[in-house]
Amino acid sequence: MHDIRLLIIEGIPSVCLGVFGWFFLADSPEKAWYLSPAQRELIILRRKRDEREASTPSAQTLQRSDCWAAIKDWKVWAFCLLNFPADIQLFSYSIFLPTIIKALNPAWSTLQVQALTVPCFALSAIVYFVVAYVSDAMQHRAVFGILGCLVSIVGHIMLITGKGVAVKYAGCYVIASGIFVASGITLAWLPTNLPRYGKRATGIGMQLTIGNSAGIAAPYLYPTHDSPRFVMGHAVTLALLALSAAVSGVLWYTYVRTNERRRAGLEDEKVRGMTDEEIDELGDESPRYIFAT
């Protein structure tokens, strides 16, 4: 009963916030009744700045062709691939963390063990906010996502090879330092490089759907009979994080090379004879569009 009450208490804020958001959260700055005219204008100007070049008014409406463009873009699928391993770690963390904490003192109750998971998640949140701020200030995503994966890999190595409970508990904090960075940075990176609304919305949907499906696989990687070491789960998660870092590196290299070609004018031939508006309608396929890296 204590566990059920805890789940209910944890779920009530999310349910209430969801209901509140449905009725009171505006769909766009133009409809935000809680903003002053000056605030609306400022947000609209910032949005136009963030959309950068290659974005026209018609590109900010849902077009079926943009949805298909997202499905056919290998880079969108690559983001889905790198997000799945990061989410495997995210979902599995809450499985093995209580087990490791319980080993510190078997006399602790379930409620006490759950309370002691808070410092790890607090560290995750702090690191993520700091990294997100620095990443936004630098307008660079790839290196932070890769570092998040590498830091988490070190933590999983500590869990696999560690002999004492203290080492394993320290490994959990190491993982905590990279867990949200590895999964969260990519969620900002993909939409930044999709200026057309339809392609951006479809790409985000694909990324979240495939990434969150990791929640189905995670429990099978950490079966109860593998407790408390969970060697198989940690090893598979470690390998998947290495895959995620590698895919991030491929995307990084691709975007940098494409930007170099576009700045050098090597892709201008494909828009010869087109008007400025027609070029801007190409979205991220426009030779004028520079990708965020």
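Guide: Leaving aside neighbours within four places in sequence, phenylalanine 96 is in contact (heavy atoms within 4.5 Å) with His156, Leu159, Cys172, Ile175, Tyr222, Phe230 and His234. The model is predicted, so local features need pLDDT of at least 70 and side-chain atom pairs count only at pLDDT 80 or more, while totals for chains, interfaces and linings use all residues. Residues are numbered from 1 along each chain as its sequence is written, and side-chain values use heavy atoms, without hydrogens and water.

Phenylalanine 96 also forms an edge-to-face aromatic pair with tyrosine 93, at 5.5 Å centre to centre and 85° between the planes. Rings of Phe, Tyr and Trp (its six-membered ring) pair if their centres lie within 6.5 Å; planes under 30 degrees apart count as stacked, over 60 as edge-to-face and the rest as tilted. Because the two residues are 3 apart in helix α4 (residues 74-104), about one helical turn separates tyrosine 93 from phenylalanine 96; helices are DSSP runs of H or I, at least four residues, numbered from the N terminus. Both tyrosine 93 and phenylalanine 96 are buried, that is, under 20% relative accessible area with a 1.4 Å probe, protein chains only.

Tyr93, Phe96 and Cys172 touch the most other members of the largest nonpolar core, which has 18 residues. Such a core is a set of buried Ala, Val, Leu, Ile, Met, Phe, Trp, Tyr and Cys residues joined through side-chain atoms within 4.5 Å. Two or more residues each come from α4, α8 (165-192) and α10 (214-221), with the largest share, 6 residues, from α4.

Definitions and conventions: Buried means under 20% relative accessible area, exposed over 50%, partly exposed in between (1.4 Å probe, protein chains only).
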